Amino acid sequence: MTECPCGSALAVDACCGRYIDGTPAPTALSLMKSRYSAFVLVKGDYLKSTLSERQKSDFDAEEFEQQASGTKWMGLEIRKCIDGGKNDETGTVEFVAKYREQGQQVVHHELAQFTREDGKWVFEDCTINPKPEQRIVEKVGRNDPCPCGSGKKFKKCCGA
């Protein structure tokens with residue numbers, strides 16, 4: 001049994017292999033994992049077939065396969081998945097893929113956008129090294145009204 005590169009601990013044939021062999025991926029996450037597996041298994045035709053029409057012209061499967069021989073993939077970490085379910089039309093998957101190329105370890109962090117074309121999930125676009133949403137905290141001054149709604153000053157209420 002060859003374990004699937006996506007990290008599921010299942011056999012390739014029972015996991016991403018079925019999508020690489022032609023079964024449409026049912027969710028954006030399953031497409032993301034199968035695309036990672038296709039990178040590991042050097043399946044350029046699958047990678048091209050799962051790109052949106054807008055993206056396909058920029059990808060050369062033969063060139064990818066020639067260059068991929070020097071890459072050693074070391075793991076996939078899914079950080080977040082938003083939408084992309086069986087009934088959705090769009091989905092986003094944040095992931096980190098680690099690999100070694102030309103003696104250098106690379107950490108690839110991406111926020112990938114997926115959409116449906118003709119009912120099938122495809123990779124649409126991405127943001128490399130996405131920045132987390134910034135949390136803004138407003139500081140309450142001692143003489144400001146208390147945020148609890150009591151009508152008292154903060155220093156005489158919750159700030160005491």
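User: Which helix contributes the largest share of the negative patch?

Analyst: The model is a predicted one. On its surface, D45, D60, E62, E63 and E65 gather in a patch of negative charge. With 3 residues, the largest share of this patch comes from the helix spanning residues 61-67, namely α5.

User: How many bridges join strand β2 and strand β3?

Analyst: Strand β2 covers residues 90-101 and strand β3 covers residues 104-117. The two form a hairpin with 2 residues between them, and Q102 in the turn has a positive phi of about 50 degrees.

User: Which residue of β3 stands opposite F95, and is F95 buried or exposed?

Analyst: F95 lies in strand β2, and its relative accessibility is 6%. Since the buried class means under 20%, F95 counts as buried. The residue opposite F95 in β3 is E110.

User: How far apart in space are F95 and E3, C-alpha to C-alpha?

Analyst: In sequence, F95 and E3 are 92 residues apart. In space, their C-alpha to C-alpha separation is 20 Å.

User: In β4, which residue is the bridge partner of F114?

Analyst: Strand β4 (residues 120-128) pairs with β3 in the antiparallel sense over 8 bridges. These strands form a hairpin with 2 residues between them, where D118 in the turn has a positive phi of about 55 degrees. Within β4, the bridge partner of F114 is F123.

User: What is the phi of A9, and where is A9 found?

Analyst: A9 is found in the segment before α1 (17-20). At 49% relative accessibility, A9 counts as partly exposed, because the exposed class requires over 50% and the buried class under 20%. A9 is a residue other than glycine with a positive phi, near 70 degrees.

User: Which strand contains D83, and what is its phi?

Analyst: D83 is found in strand β1, covering residues 71-83. Its phi is a positive value in a residue other than glycine, near 55 degrees.

Key:
Residues are numbered from 1 along each chain as its sequence is written. This is a predicted model: local features need pLDDT of at least 70, side-chain atom pairs count only at pLDDT 80 or more; totals for chains, interfaces and linings use all residues. Side-chain values use heavy atoms; hydrogens and water are left out. Patches are made of residues with over 30% relative accessible area and no salt bridge: like charges are joined within 9 Å, nonpolar side chains (Val, Leu, Ile, Met, Phe, Trp, Tyr) within 5 Å. Accessible areas come from the Shrake-Rupley method with a 1.4 Å probe; for residues, only the protein chains shown count as cover. A salt bridge is a side-chain nitrogen of Lys or Arg within 4 Å of a carboxyl oxygen of Asp or Glu. Lys and Arg count as positive and Asp and Glu as negative; His and the chain ends are not counted. The place of a charge is taken as NZ of Lys, CZ of Arg, CG of Asp or CD of Glu. Helices (H or I, at least four residues) and strands (E, at least two) are DSSP runs, numbered from the N terminus. Two strands pair if DSSP finds at least two bridges between them. Buried means under 20% relative accessible area, exposed over 50%, partly exposed in between (1.4 Å probe, protein chains only).
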